[in-house]
Amino acid sequence: MKAIVIGTGTIGMAVKAALRDHGHEVVTVGRQSGDFSADIRETDSLTRLFETVGPFDAVANAAGDVFPGPLAETSDEQWENSIRSKGMGQINLVRAALPFIADRGAFALVSGVLTDEFTAAPTIGTTVNHMVEGFVKAAAVELPRGIRINCISPTVLAESVAYHPFFPGFVPIPAAEVALAYVRALSNPFTGRVLKLYKTDC
Ligand SMILES: NC(=O)c1ccc[n+]([C@@H]2O[C@H](COP(=O)([O-])OP(=O)(O)OC[C@H]3O[C@@H](n4cnc5c(N)ncnc54)[C@H](OP(=O)(O)O)[C@@H]3O)[C@@H](O)[C@H]2O)c1
């Protein structure tokens, strides 16, 4: 399988390594990093990417920003930028890739633990994660040609130590484990699932 990994940060690099370990060809994408350049906020840039990169079977997204902040202090700009980046950015990358991805191809998007756990100032992150997960569940029903889509929802990463003070009592997960969830989502025949890399019953 040839996979496009978008995002060359902590999760993206771990996904690249895991896919290669499983024998897959990987190209990486960032705004200012990776084998190819694209910005998920700009649909034209995504279309250019998928036209340029050649035939591919999978897209793993590990990019998209949300802005943390106490609800009463959040600005219109923070809401708009978060929806435009992690929300519409991921939706538009699926829409832009659809004419190009192979039959029975697969997408893996990213949300996060804030979907279910409300830590300090989570509201923008929680809202955008629900947008992404809702899109994944509904799009799975509609996607043509046997194309699948799933969402990876990690808790805070072990490597993201700057975030740890905002997740007191949460057990961080290594990026390598998150990367295996991407491999699982892209390699197996299920679709429309959110792979939650945290416990919700305790
Ligand atoms: N870290 C965590 O604890 C954690 C936990 C749960 C969920 N998540 C989610 O997982 C995703 C990745 O997290 P991470 O920690 O791996 O992030 P990261 O280390 O900050 O890396 C993000 C990568 O995405 C690229 N990127 C950012 N905005 C982009 C855009 N608009 N278009 C294209 N590329 C873009 C950046 O490269 P360029 O600068 O070159 O564009 C960067 O390489 C985020 O959506 C985050 O919310 C993270």
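Reader: Hi! What should I know about the model before I start?
Author: Welcome! Residues are numbered from 1 along each chain as its sequence is written, and side-chain values use heavy atoms, with hydrogens and water left out. The model is predicted, so local features need pLDDT of at least 70 and side-chain atom pairs count only at pLDDT 80 or more, while totals for chains, interfaces and linings use all residues.

Reader: How many salt bridges are there?
Author: A salt bridge is a side-chain nitrogen of Lys or Arg within 4 Å of a carboxyl oxygen of Asp or Glu. One of them joins Asp39 and Arg41, at 2.6 Å from N to O. By this rule, the count is four.

Reader: Is Asp39 buried or exposed?
Author: Buried means under 20% relative accessible area, exposed over 50%, and partly exposed in between (1.4 Å probe, protein chains only). Asp39 has a relative accessible area of 14%, so Asp39 is buried.

Reader: Where does Arg145, the salt-bridge partner of Asp103, lie?
Author: Helices (H or I, at least four residues) and strands (E, at least two) are DSSP runs, numbered from the N terminus. The side chains of Asp103 and Arg145 meet at 2.6 Å, N to O. This pair links distant parts of the chain, 42 residues apart: Asp103 is in strand E5 (residues 101–110), and Arg145 is in the loop between helix H4 (123–142) and strand E6 (148–154).

Reader: How many residues apart in sequence are the parts tied together by Lys196 and Asp116?
Author: Their side chains form a salt bridge of 2.7 Å, N to O. Lys196 belongs to strand E7 (residues 194–197) and Asp116 to the loop between E5 and H4, so the parts that this pair ties together are separated in sequence by 80 residues.

Reader: Which residues are in contact with Phe50, leaving aside its neighbours within four places in sequence?
Author: Contact means heavy atoms within 4.5 Å. With those neighbours set aside, the partners of Phe50 are Ile4, Phe56, Val59, Leu93, Ala96, Ala97 and Phe100.
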